Amino acid sequence: MANARKLRILVAKPGLDGHDRGARVVARAFRDAGFEVIYTGCHQTPEQIVSTAIQEDVDLIGLSILSGAHRYSFPRIMELLKENNAQDISVIGGGIFPLEDIPTLKAAGIKELFEPGAKLSDIIDWVGTNIIPRREAE
Amino acid sequence: MGKEVHSESALDRVEKEHAEWLEEYRKAVKKVPERTNRFSTVSDLEIKPLYTPLDIQNKDFFEEVGFPGKYPYTRGVQSTMYRARHWTMRMFAGLGNADDTNQRFHYLINHGETGLSTAFDFPTLMGYDTSSPLARGECGKCGVAIDTVEDMGRLFANINLEEVTTSMTINPPASIMWAMYIANAERQGFSRKKLGGTIQNDCLKEFIAQKTLMLPPGPSLRLVTDTVEFGTREVPRWNTISISGYHIREAGATAVQELAFTIYDGITYVEEAIKRGLKVDDFACRLSFFWNSHIDFFEEIAKMRASRRLWARLMKERFGAKDPRSMLMRFHTQTAGCSLTAQEPYNNVIRTTMEGLAAVLGGTQSLHTNSLDEVYMIPSEQAALIALRTQQVIAEETGVTNVIDPLGGSYFVEALTDKMEEEALAYIRKLDELGGMVAAIERDYPQMEIADAAFHFQKQIESGEKTVIGVNKYLSDRPDLEFVLKIDDEIERNQIERTERFKENRDKAAFQKAMDELRRRCEGPPCWDNNVMPALIDAVRAGATEQECCDLYRDVFGTYTDPGSF
C-alpha cells in the first residue's frame, strides 16, 4: 500500500433536490479521514456526474439524493459509466429510499446504500475496506 | 422578573436561598454524579440545573413579556389566541399529478384540516416543465407536477378559494405559480381581492440552505419585491413572503442561527420594498414567517417567543413602523423532518407530537405535523391522517389551548427566550457588519456557519453526546412500515403528453404577445409599470407554461448555480 495514492472520491448530488446536508457532512468526514474529496454541489445530471468523475479520475462516486428520483438517476449513472469504459469507478449512495427500491439499486450496480442514521464512521470504514485506488501513485 | 414585580427584599431572599440550595446540590452530586458533564439543548446551548427569579431580575415584565396582542407580542400576536380559534391545521401535501393531489386535499379537508398547503415536485420548484431533460425521474415524486394554468385548475377543483387559505411552497418561480393561482381563481369566478394564502417566495434562504436555485440574488430580490408590490395593491389578503427558518434549520443550523438568519432575511425584504417606494405600514402586515419545531421542547418555545419580540422591536425601531399590524410576527410551523428516524419509524409519531406541542405552546398561527413515513417517501394517506389527528388531539383533548402562553413567567422559559434574543442580535450585528445578507451569502458566511453546526451535531451523535433513540441508543430490528406511498413512473409520460396537448391548443399570437410584454417588463428598471405580475397573469392565461416563463427569466436575468462548498 506504500505506493497507493490517496483514495479520490466524488461526492455528487444527482437530481433537482437541494437537500445537501448529508452530502456536505459526508464530504467533510471523507476529507477528515484523509481522502481526496471533490463535491459537485446540487442539481447535477447523470451526464455531468460521470463526466466529472472521469475528468477527476476518482475511485469512488458517493451519490446523495432525497428527491425520490433515484430510480432513474442511479441506474443511468451506472449505464453511463459502462458506456465510458469506467465501470471500475465504484458507486455508493445515500439518502431517502423506500426499502423495496434498495435491491433494485444494488442490482443496477450500486455497491452499498446508506440510509438516514448511518454513522460517518461506518461509511468511512466501509470505504476503507471495500475500495482500493484504481491505480498506484505516480 | 425584576423589581417591578418582586420586591427587593424578596429577591435578596431568593438569592440567599438559591445559594443554600446550590450548596446542597453540589454535595448531592458528589454522591450521585450528574448523568453527563454538560447539559445542553439540541442546538448545544448549555442549560443550568435550575432557574429562579434571579435569572430574569434585570428584565422588566411590562417591557419584555407583557400581554398577548400587546407590544412586543412575546406572549402572542392576538389577545385571544387559541381561546377564540385554534391555529390553522395546514398539512403540506403534494403527490403525483394535479388530480392525485386534489384528491389528497379533499381527503384532508374531509378529516378536519382547516387550510391547504401545496408541495410541488422538484421540476416545478426549479422552474422546469415535466418534459425537460433535467426533470427525468422526478415527476410527482416529491410533490405535485404543475406545468400550466390548466394543471392549477385541476389541483384546486371543487375548492372554494375565497373560503380556504392556500399556502404554496414555491420560491424562484413563486411569481409564476401565484399568477397561475390568481388566473385560475378568477376563471372560477373568485375575486383576487378575497383570495387568502401564502407564497413562500423567500429567495434568500434558498442561497443559504434550501438550494432551490435559479437566478442570482439581485434579480431574485427584484422579483420578490414585485410580488410584494403587487400584493399590496391587488391581493390584499395574501401573504407575499413566508420568511422561512424551516429549511435553514433542516440544513443543520442551531435554533439561534435559524432565528437570526431568518429575521435578517426579513430585514432585507423590508429594505428592498422600501427602496421600491413602498411605505412600511402598507406592506409589512403581509409578511409572514415559518419556523421549524425541532425536538428540544423548551428551546423551540423560547425561540418562537423571542422571534415575536425581536421582529416587533426591529419593525418599530429599525423601520419606524407605526401600525401595530406591521410589527406582528405571524408564523407557520412545521415539525422537524430531520429529527425523524428511519429506524423504528413508528417512534416518529411521538417526536412529531412533542414538536407539535412545542409549536402550540410557542403560539403558532398554523401547523404542519410530519408523517411518520417521511423518512422513506412523501406521506401516505394513512400516515398523513395520523399526523393531522396528532394536531387535533393537542387542540381538543389535552387542555393546553385553554390558556394563553402557559409557559410565560417560567423562569427557565423567560431566561431562554432572553438568551435566544441576545444571541440572535449578535448575529444580526455581524450581518450588518458584513454589509447585509446578500454580501454575507456571497462570502458563504451563513452557509458555512450552518455546515459547521451540522457537522458538529453529527459528531455529537456519533460520540453518543446526543441521543437519537433507535439510531445511537436502544437499537433494534425495525419493523417494516405498513404503508409507503408509491408514485407510478408512468405519470411522467402522461404529464408530458398533457402539457404538449395544452400547448398545441393555445392561441399562438396571444401567447407571443403576452410573453413579449413579460420580457419588456423584465428588461426594464424595477417599478410598478414594469411589475411582472400583471404580465405573468396574462401570459399564463394565454397558455404560457411554467418553464417558458422561467426560461425567459433565466435569459434576461442569468442563472445561479450551487458553488458546492463544504
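The 12 residues of helix 1 (21-32) of chain A should span 16 Å at 1.5 Å a residue, and the 17 Å between its end C-alpha atoms agrees with this; the expected span is 1.5 Å times one less than the number of residues. Helices (H or I, at least four residues) and strands (E, at least two) are DSSP runs numbered from the N terminus. The model is predicted: local features need pLDDT of at least 70 and side-chain atom pairs count only at pLDDT 80 or more, while totals for chains, interfaces and linings use all residues. Residues are numbered from 1 along each chain as its sequence is written, and chains are lettered from A and ligands numbered from 1 in the order in which they are written.

Because 10 of its 12 residues are buried, helix 1 of chain A is largely enclosed by the rest of the structure. A buried residue has 20 or more other C-beta atoms, placed from the backbone, within 10 Å of its own. Among those buried are Arg21(A), Val25(A) and Phe30(A). Their cover includes strand 1 (8-12) and helix 5 of chain A, together with helix 17 (445-463) of chain B.

Between the chains, 31 residues of chain A are in contact with 34 residues of chain B, contact being C-beta atoms, placed from the backbone, within 7 Å. Helix 1 of chain A gives the largest share of chain A's side, five residues.

In chain B, nine strands form an open sheet with parallel pairing, in the order 5-4-3-2-1-9-8-7-6; strands pair if DSSP finds at least two bridges between them. Its edge strands are strand 5 (238-239) and strand 6 (241-244) of chain B.

Notes:
Two residues are in contact if their C-beta atoms, placed from the backbone, lie within 7 Å.
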